[in-house]
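Student: I have a model to go through. Please set each label against its definition.

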Amino acid sequence: MTSVSETVSQSVSQSGNGSPTLDQVARAAGVSRATASRAINGGNRVSATARAAVEAAVKSLGYTPNQAARSLVTRRTESVAVVVPEPDERVFADPFFARTLSAVNRVLSEKGLQLVLIMARPGKEEERLLRYLRNRHIDGVIVVSHHRADGLSDHLAELNIPATFVGRPWTCADRLSFVDTDNVEGGRVAGEALVERGCVRIGTITGPPDMTATLDRLTGWKTAMEKAGLPADAVEQGDFTEDGGERAARVLLERHPDLDGLFVASDLMAVGVLRVLADLGRRVPEDVALVGYDDLGVAERTSPPLTTVSNPISEMATRATRLLVEALESSSSPTPMRLIFTPTLVRRQSA
């Protein structure tokens with residue numbers, strides 16, 4: 001009886017110096033070409049004996065499947081797009097995105113999938129993105145930092161591409177899977193922390209108004225103010241960047257110089273707020289107590305270290321990616337899932 005290794009040697013000697021072919025794998029394994037193809041591409045109609053023989057032949061020959069041909073058979077590209085509808089400079093400067101991409105890539109790598117990063121803002125870039133998705137250049141999509149105007153939730157629901165959102169989508173939440181933190185609760189916890197400290201004139205700097213996280217954190221903060229019987233009129237819009245936080249703080253403190261507490265809806269913006277307070281000679285927390293949001297490393301390095309609400313972005317991105325992978329591996333259309341993490345307050349010296 002001829003062994004697989006002996007058959008492989010014969011196949012190699014007969015094939016010359018070219019790369020091993022599927023026909024040679026089949027011949028070495030003693031199976032048909034169709035059986036070899038099914039075994040390599042994960043087909044079900046292959047016996048355990050035949051699959052083992054094919055795997056041994058692939059290993060001995062050093063055979064590498066032709067990805068283009070494999071895609072025709074499996075209708076899979078073995079890649080997943082992470083869509084971030086934000087400017088390039090923000091994606092590369094904000095630790096939120098670094099944590100997200102690291103977590104997503106870790107899960108995809110474990111499954112042998114390739115991450116494709118797409119940064120597409122509304123307009124011409126959005127049109128190019130939709131063409132890319134319609135042509136099925138990827139197997140699934142993970143959306144991070146979703147804005148109302150980008151329309152991604154509507155488009156993805158319509159295209160019926162496996163997708164998950166990190167953060168609650170504006171629309172089609174009943175048709176799309178998403179992972180989020182309870183931002184309403186987070187805003188409430190931040191506001192109550194300032195109330196408990198004894199602050200009586202509390203303001204807030206929000207994120208962009210076209211993001212669900214902004215709306216929810218603002219709602220939670222207003223709830224805390226109403227419960228404490230305090231005014232909720234000291235509100236200024238930011239953009240989740242340091243410079244945006246600085247600009248918003250100058251406007252807000254000029255309009256409300258009596259503020260003794262501030263909830264800032266991201267730690268990066270809080271860094272800009274600290275600069276403004278220092279310029280104005282306002283001590284933190286003695287004159288103005290400060291609470292941020294995210295706890296992604298920045299809060300530990302500020303002076304003073306920042307009290308903040310933890311946003312478990314690595315865990316959220318990991319779960320979102322696993323949900324997508326489960327959808328890709330499912331033989332039927334999976335039921336949309338929603339996972340909501342509970343935020344917690346991390347107390348440091350700023351409040």
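Tutor: Ser145 sits in the loop between β3 and α9, where helices (H or I, at least four residues) and strands (E, at least two) are DSSP runs, numbered from the N terminus. This is a predicted model, in which local features need pLDDT of at least 70, side-chain atom pairs count only at pLDDT 80 or more, and totals for chains, interfaces and linings use all residues. Residues are numbered from 1 along each chain as its sequence is written, and side-chain values use heavy atoms, with hydrogens and water left out.

Student: Why does Ser145 count as buried?

Tutor: Buried means under 20% relative accessible area, exposed over 50%, and partly exposed in between (1.4 Å probe, protein chains only). Ser145 has 6% relative accessibility, so the label is buried.

Student: Why does Arg136 count as partly exposed?

Tutor: Arg136 has 39% relative accessibility, and therefore counts as partly exposed. Arg136 belongs to the loop between α8 (124-134) and β3 (140-144).

Student: What is the phi of Arg136, which is not a glycine?

Tutor: Arg136 has a positive phi of about 55°; for Ser145, also not a glycine, phi is positive at about 65°. Most residues other than glycine have a negative phi, and most peptide bonds are trans.

Student: Which peptide bond has omega near 0°?

Tutor: The bond from Ser303 to Pro304, which is cis. A cis peptide bond also joins Val284 and Pro285, with omega about 10°. Pro285 is placed in the loop between α13 (267-279) and β9 (289-294), and Pro304 in the loop between α14 (298-301) and β10 (307-310).
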